[in-house]
Amino acid sequence: MLKAPLALLMMMAVSATAAEPSSSPIRPLQVGNLTIQQGKPAIIVSTTGNDEEGALKLARQAAQTPQVQVVELRVDKLDFATRVDKVAQLGQAMRRELKGKPLLLTLRTKGEGGSLSPDDASYIALYQQWLEAGFADLIDIEMRIGAQAVDQLVAQAHQHHVAVILSYHDFQATPDNADMLRRLSWQAAHGADILKIAVMPKTPQDVSRLTDVTWQMRQRSDKPLLTMAMGGLGAVTRVSGEVFGSNLTFGTLGEASAPGQLDVQALDQVLTTLHKANAS
């Protein structure tokens, strides 16, 4: 049975489902054994530990959990984050454990909520070497590194048949709507396969604005979206993606990797209920 806060979130999103028409269809994206498409958002879980054992344990658990579709390796949290060969060995081992479920590789920098502060040259070089190692199905690249570096990494990723999430995170506030739309449009123009933005709401209006931006971007692009308002205030955006046009969401198998994430079992229960409501 749903806990009261989750039940309230579900009721809010069901109301939105009844009020809004269906969003425009997206172009399906195949990544590993997952087809990212219109409908119920796919659930991503992230590693949060600093060692190999914890990452492999999560991969094994995720492989046995039907509600989980993607596992994110948060390299920045590892004690050996800049040791290219050791990260690649861990990535290969995780991929074997996942048995076809996609592995997302992310080096999140401190400025966007992560644990490391590499200079841009080091950030780019690490991704280039990991792409050559060939263990990731998806990578998350921060758009802040600029057009030239983004274009270079996107081209290299696509040469290796790796899908790209271009991302922007604001842990302090929710930018104005025009700014969020501009960033998502920039990501689309620079070859992202998935467009991502995560913001911190201060008021319910900020949450509403994020969902409005998601809906507007859904009408402009056929690429999958991954949008969220963080924290408890924004938790509704993690369950209402099907209503507003976001195609993936983050959940937890244990410790959360960002504020406002929900346990995968409870998250999937709400997503399934909303999907059935939307279908009817």
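Tutor: Two residues are in contact when heavy atoms of theirs lie within 4.5 Å. Helices (H or I, at least four residues) and strands (E, at least two) are DSSP runs, numbered from the N terminus. The model is predicted: local features need pLDDT of at least 70 and side-chain atom pairs count only at pLDDT 80 or more, while totals for chains, interfaces and linings use all residues. Residues are numbered from 1 along each chain as its sequence is written, and side-chain values use heavy atoms, with hydrogens and water left out.

Student: Which residues of helix H3 meet residues of H4?

Tutor: From H3, the residues are Val84, Val87, Ala88 and Gln92; from H4, they are Leu126, Gln129, Trp130 and Ala133.

Student: What makes H3 oblique to H4?

Tutor: Axes are lines fitted to C-alpha atoms, for helices over the stretch in contact, and angles run from 0 to 180 degrees between N-to-C directions. The axes of H3 (residues 84-98) and H4 (residues 120-133) come within 10 Å and cross at roughly 45°. That angle makes H3 oblique to H4, since angles under 35 degrees count as roughly parallel, over 145 as roughly antiparallel, 65 to 115 as roughly perpendicular and the rest as oblique.

Student: In which hand does H3 pass H4?

Tutor: The crossing is right-handed. That word applies if the near helix is turned clockwise from the far one by less than a right angle, and left-handed applies if it is turned anticlockwise.

Student: Which residues does the UniProt annotation "active site" cover?

Tutor: That annotation, from an unreviewed entry, covers His169 and Lys196. They span 28 residues in sequence, yet no two of their C-alpha atoms are more than 8.4 Å apart, so they gather at one spot. UniProt positions are given in the numbering used here, feature names are shortened, and annotations may be inferred rather than shown by experiment.

Student: Why is His169 called buried?

Tutor: Buried means under 20% relative accessible area, exposed over 50%, and partly exposed in between (1.4 Å probe, protein chains only). His169, in strand S7 (residues 163-170), has 8% relative accessibility and therefore counts as buried. Lys196, in strand S8 (residues 194-199), is at 4% and counts as buried too.

Student: Which polar contact joins the side chain of His169 to that of Glu112, and which to that of Arg108?

Tutor: A polar contact is a pair of N or O atoms within 3.5 Å; within protein, one must be able to donate a hydrogen and the other to accept it, and residues adjacent in sequence count only if both atoms are side-chain atoms. The pair with Glu112 is at 2.8 Å, and the pair with Arg108 is at 3.5 Å. Residues up to four places away in sequence aside, His169 touches Arg108, Glu112, Lys196 and Ala198.

Student: What makes Lys101 buried?

Tutor: The relative accessible area of Lys101 is 13%, so this residue falls in the buried class. Lys101 lies in the loop between H3 and strand S5 (103-106). The side chain of Lys101 reaches the backbone oxygen of Ala62 at 2.8 Å and that of Thr65 at 2.8 Å. The C-alpha atoms of Lys101 and Val71 are separated by 7.5 Å, although these residues are 30 residues apart along the chain.

Student: Which residues does UniProt list for "binding site"?

Tutor: The unreviewed entry lists Ser46, Glu72, Leu73, Arg74, Arg108, Arg238, Ser257 and Gln261. Leu73 is in strand S4 (residues 70-74), and at 0% relative accessibility Leu73 counts as buried. Gln261 lies in the loop between strand S10 (248-252) and strand S11 (262-263), and with a relative accessible area of 13% Gln261 is buried.
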